[in-house]
Structures are given as C-alpha cells and as structure tokens.
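Here is a briefing on one predicted model. Look over the sequence and the fold, then read the points below.

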Amino acid sequence: MTDILDASPPVGEQPPFDKDKRVRNFASSVEPAVLDQARQVANMPFVEPFVALMPDAHVGLGSSVGAVIPTRDAVIPAAVGVDIGCGMIGVRTSRTKADVDARIEAGHSLGELRQAIEGAIPLSPGNYNTRGNRFEFTDARQRELAALAEELDVDLSHSPKWREQLGSLGGGNHFIELCLDEADRVWLFLHSGSRGVGNKIAQKHIKTAQRLCKMWHIDLPHQDLAYLPAGTPEFSRYLADLKWAQRFAYLNRAEMMDRFAVVFAEWLGADDAGEAERINCHHNYTVLERHFGRKVWLTRKGAVAAHEGVKAMIPGSMGTRSYVVEGKGNPLALCSAPHGAGRRFSRTEARKRFTLEDLRARMEGIEYRDGAEFIDEIPDAYKDIDQVMEDAKDLVTVLHVLRQILNVKGT
C-alpha cells in the first residue's frame with residue numbers, strides 16, 4: 001500500500017515527511033480497519049511526522065490500540081484512552097524455582113499463595129480497599145497523591161473513593177502473575193492502570209473535547225478523535241489532570257507490587273521477597289518528547305517507551321510467555337515498542353469460539369482461578385506473542401523470557 005512506509009530501514013535513517021505516507025507499520029499482520037484508523041489519525045493537521053503502528057496493533061475506539069501518535073499543539077484525550085497510565089510492573093527476585101518447589105513440597109500450595117494475593121489486592125472493578133492501614137507503605141502514597149492533586153488543582157470530587165482504589169487491580173485483562181525466567185529466577189509481575197478515578201478523568205475530558213470541536217464546527221473523521229488545542233484552558237486542565245492520573249497509575253502498580261511481595265515472602269516463610277530489580281512502565285499515556293528535531297505530545301496508546309537503554313515489560317496473554325526488554329531507540333518507531341500480544345478476537349467473538357474446556361487445556365500446569373468468566377482471555381483470543389516479538393526485533397532487545405506458574409485475573 002502506497003501510504004504505509006516500509007518498517008525495515010535501519011535504525012537512524014530518517015523517514016521522508018511525505019504527506020501521502022503518514023503511517024509507519026511494524027506489524028507483519030494487520031487488519032485493514034487498523035490501517036484505516038491510523039490513516040484517519042495521521043491526516044489530522046497537527047499530527048506529525050507520522051503515526052507508528054506497533055506489531056500488536058488492533059482496532060480501538062477512534063484510534064487503534066498499538067498506535068503511537070505525535071501531535072503538535074494539541075492532544076486527543078480519547079487516543080490516550082480511559083485507562084490513563086495503564087501499564088506493567090515487574091520485580092526480579094533473588095528467589096528461584098528451587099525455593100518455590102521446596103515450599104510446595106513442605107505442604108504450601110500455589111493455590112494457597114493465589115488466595116493470599118486475592119486477599120491482599122482487590123480484584124474487580126468497583127471493589128476497593130476497606131482497610132487503609134493494613135500495609136504501612138500505603139499512607140505515604142496516598143499523601144503524595146493528595147499533595148499532587150492540590151499542587152495541580154485537580155478536582156477529584158467525581159471520585160471520593162480514589163484513596164480506596166489505590167492498590168486495586170480492576171478487571172478485563174489486568175492480571176497478577178508469578179513467573180520464572182530462563183534461569184529459573186522468580187519474577188513478580190502485574191498489569192493495571194489508574195482504575196475508576198482515571199476513567200472518570202478521561203471521560204470528562206473526552207466529552208469536553210467533543211463539545212468544543214462541535215461548538216467550533218470542526219469536521220472530525222471520528223468523534224473519538226476530538227482534540228484540545230494548546231493555548232486553551234481546557235488543554236492546560238487536561239494536561240494537569242493527566243499528570244495526576246498517570247502518577248496514580250504508576251503508584252497503584254507499585255502499591256500492588258509491594259503487597260504481592262509481602263504475601264509472597266510470607267508464603268515462602270521468608271523475611272522478604274528478595275527484590276533485586278524493579279521495572280515500572282506505562283503503555284497508555286501522553287508525554288512531551290522530541291522526535292526528528294520537533295517537540296511533540298507523544299501519545300502511546302498501547303505501546304511502551306523504547307528509548308535506547310530503557311527497560312520495559314511486554315506481556316503475552318494468559319498462559320503464554322512475557323518478555324523483559326531494553327529499547328533500541330528506533331526513531332522510525334518513535335522510540336516505542338508493543339505493549340503485549342494484542343487481541344485477535346473481541347471478547348464477544350472469543351466467547352463464541354472457545355469453551356471453558358479450551359481454557360482449561362491452555363492453562364494446564366498453571367495455578368489460576370477457574371471460571372467461565374475468563375474464556376474471553378484465552379490465549380487464542382490474542383495474537384501470537386512470539387510473532388509480535390519477532391516483528392519488534394528492530395525496536396527492542398529481549399533480556400528475559402518469563403513463563404508464568406501462577407495467574408490471578410481481574411474479574
């Protein structure tokens with residue numbers, strides 16, 4: 001296709017700023033609808049130099065998931081999405097498979113650990129913490145977020161229970177996993193974002209952008225591409241609220257990880273989890289960056305930052321492998337990389353195609369909470385993570401490959 005640039009040029013080569021070639025695609029398999037969405041976004045007047053599609057790109061609301069969108073003097077709230085700051089956190093520990101096996105042999109099952117995790121971290125949307133003082137580290141994060149809200153003048157009246165949401169997982173494809181890497185080292189791993197409070201913030205600004213574009217008679221290719229222009233109070237307000245929500249998401253993951261570490265150590269009968277390394281990264285967010293000599297608001301909608309030397313986590317689907325990576329700083333991908341496997345089938349379609357028995361077969365050997373509510377998260381509903389990583393070979397270097405032995409899904 002003439003308007004899709006080849007993804008194969010070496011790192012460092014600059015693409016032409018050709019108005020007819022506005023999408024750079026890194027996916028070896030991509031739906032026509034994804035390309036159509038990318039073209040719509042790329043042809044908006046403030047998007048430059050191009051939109052980059054990650055190897056896991058799939059259709060989203062307004063813009064594709066797996067799209068990296070650079071904008072000058074404008075932001076598109078719906079492109080960031082409703083789960084502001086959603087992302088991954090992983091902790092490499094000094095513990096090994098031998099430690100886990102020894103504990104199991106001593107009569108402490110992985111099911112026991114899973115139940116302890118579920119007891120420490122609320123899992124479902126709308127299911128919040130009822131005890132704010134259970135963990136000593138929670139209060140400092142709540143106070144930091146309260147101070148930041150006051151500093152940025154963020155109105156949180158729409159979410160009076162935002163403190164109770166801190167340290168909760170949510171639903172959908174959010175998860176907690178105990179994993180082993182290629183050297184049989186134990187990793188603690190989880191996926192979540194800014195929860196209900198981030199959703200409320202996002203919805204408020206999406207509606208504001210749509211209202212303003214309608215009032216200004218701006219012809220949009222899709223209502224979910226409504227934008228806020230720089231220089232307006234609404235633009236400044238969104239950026240302030242966005243900064244707070246992204247920090248909430250980052251600390252929410254850190255809070256859950258600390259709780260995970262506590263219950264894992266207790267299950268091991270140890271003083272601590274033996275944390276050796278921690279990686280915490282967003283994959284739904286907007287940040288000011290410089291690309292090809294120009295400052296842009298870079299929205300990564302389902303993509304991680306992959307600047308040279310920057311580490312990130314790329315999860316597979318339930319029951320498959322995940323990856324710890326280091327960015328190569330590829331400018332043609334706007335220094336970005338995929339955020340996961342990416343869906344092949346919608347949740348509705350997955351439920352039509354697969355059964356509970358299919359899920360059980362795919363999860364054999366992994367401790368997880370069995371139930372028909374997880375059928376739409378079966379690995380077959382997602383793209384092949386190994387193909388995604390092959391497509392990403394010019395974007396990241398794989399440092400570790402993780403295989404899960406325990407999975408806790410949000411419901």
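Leaving aside neighbours within four places in sequence, which residues is Cys86 in contact with? They are His174, His191, Ser192, Gly193, Ala249, Arg253, His282, His283 and Asn284, where contact means heavy atoms within 4.5 Å. The model is predicted, so local features need pLDDT of at least 70 and side-chain atom pairs count only at pLDDT 80 or more, while totals for chains, interfaces and linings use all residues. Residues are numbered from 1 along each chain as its sequence is written, and side-chain values use heavy atoms, with hydrogens and water left out.

- Cys86 sits in the loop between helix 2 (77–80) and strand 6 (87–96). Helices (H or I, at least four residues) and strands (E, at least two) are DSSP runs, numbered from the N terminus.
- Cys86 is buried, at 5% relative accessibility. Buried means under 20% relative accessible area, exposed means over 50%, and partly exposed lies in between (1.4 Å probe, protein chains only).
- Cys86 and Gly193 are 107 residues apart in sequence, yet their C-alpha atoms are 3.5 Å apart in space.
- Asp241 belongs to helix 8. Its relative accessibility is 1%, so Asp241 counts as buried.
- Not counting residues up to four places away in sequence, Asp241 touches Val154, Ile201, Lys204 and His205.

**Helix 5**

- Helix 5 covers residues 138–152, and its 15 residues should span 21 Å at 1.5 Å a residue. The expected span is 1.5 Å times one less than the number of residues. The end C-alpha atoms are 21 Å apart, which agrees.
- Its buried residues are Thr138, Arg141, Gln142, Leu145, Leu148, Ala149 and Leu152.
- Seen down the axis of helix 5, these buried residues fall within an arc of 125°, so they line one face of the helix. The arc is that of the directions from the helix axis to the C-beta atoms.
- The face turned away from the buried side of helix 5 carries the exposed residues Arg143, Glu150 and Glu151.
- Helix 6 (162–165) and helix 8 (233–268) are included in what covers the buried residues of helix 5.
- Just after helix 5, Asp153 takes a positive phi of about 60°.

**Salt bridges**

- The count comes to 34 salt bridges. A salt bridge is a side-chain nitrogen of Lys or Arg within 4 Å of a carboxyl oxygen of Asp or Glu.
- Arg72 and Glu48 meet in a salt bridge through their side chains (3.4 Å, N to O). This pair links distant parts of the chain, 24 residues apart: Arg72 is in the loop between strand 4 (65–71) and strand 5 (74–75), and Glu48 is in the loop between helix 1 (32–42) and strand 3 (51–58).
- Arg72 is partly exposed, with a relative accessible area of 33%. Glu48 counts as buried, at 16% relative accessibility.
- Asp139 and Arg143 are four residues apart in helix 5, so about one helical turn separates them.
- Asp139 is partly exposed at 39% relative accessibility. Arg143 is exposed, with a relative accessible area of 52%.
- Arg321 forms a salt bridge with Asp386, the closest N and O atoms being 2.3 Å apart. This pair also links distant parts of the chain: Arg321 in strand 15 (residues 321–327) and Asp386 in helix 11, 65 residues apart.
- Both partners count as partly exposed: Arg321 at 37% relative accessibility and Asp386 at 27%.
- Salt bridges that share partners join Arg141, Glu255, Asp258, Arg259, Glu275 and Arg278 into one network.

**Nonpolar cores**

- The largest nonpolar core has 49 residues, of which Met54, Met313, Leu395 and Val396 touch the most other members. A nonpolar core is a set of buried Ala, Val, Leu, Ile, Met, Phe, Trp, Tyr and Cys residues joined through side-chain atoms within 4.5 Å.
- Apart from this core lies another, of 47 residues, among them Val154, Val197, Cys213 and Phe248.

**Tyr368**

- Tyr368 lies in the loop between helix 10 (356–362) and helix 11 (385–391). Tyr368 is buried, with a relative accessible area of 12%.
- The side chains of Tyr368 and Asp370 make a polar contact (3.1 Å). A polar contact is a pair of N or O atoms within 3.5 Å; within protein, one must be able to donate a hydrogen and the other to accept it, and residues adjacent in sequence count only if both atoms are side-chain atoms.
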